[in-house]
Amino acid sequence: MTDDSPGRVQSAHDLVISYGDAEFHAACRCGRPLLTIRPNESFDLFGPVWEAHVMSLVDQ
Ligand SMILES: [Zn+2]
């Protein structure tokens, strides 16, 4: 199941959200856990955390 656009540098890194224990778990496709939120919290929280993860890899 790949839908990566050609030319996307971060194709190995994508935001993956799963649901468990009444919480939403965000992880990167590379396997790194990023953030857990409650259902009453905003999914908007995921974006900046994932971006920070990707940016930290670019710097290396
Ligand atoms: Zn990643």
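User: Which residue in β3 is the bridge partner of A27?

Analyst: The model is a predicted one, in which local features need pLDDT of at least 70, side-chain atom pairs count only at pLDDT 80 or more, and totals for chains, interfaces and linings use all residues. Residues are numbered from 1 along each chain as its sequence is written. Strands (E, at least two residues) and helices (H or I, at least four) are DSSP runs, numbered from the N terminus. Two strands pair if DSSP finds at least two bridges between them. Here the partner of A27 in β3 is P33, and four bridges join the antiparallel strands β2 and β3.

User: Which residue has A27 in β2 as its bridge partner?

Analyst: That residue is V16. Strands β1 (residues 15-20) and β2 (residues 23-28) pair in the antiparallel sense over six bridges.

User: How many residues lie between β1 and β2 in their hairpin?

Analyst: Two residues lie between them. The β2-β3 hairpin has four residues between its strands, and G31 in that turn has a positive phi of about 105 degrees.

User: What is the phi of D21, and what is that of A22?

Analyst: Most residues other than glycine have a negative phi. D21, not a glycine, has a positive phi of about 55 degrees, and A22, also not a glycine, has a positive phi of about 60 degrees.

User: Why does D21 count as exposed?

Analyst: A residue is buried if 20 or more other C-beta atoms, placed from the backbone, lie within 10 Å of its own, exposed if 12 or fewer, and partly exposed in between. D21 counts as exposed because it has 7 C-beta neighbours inside 10 Å. A22 is likewise exposed, with 7 other C-beta atoms within 10 Å.
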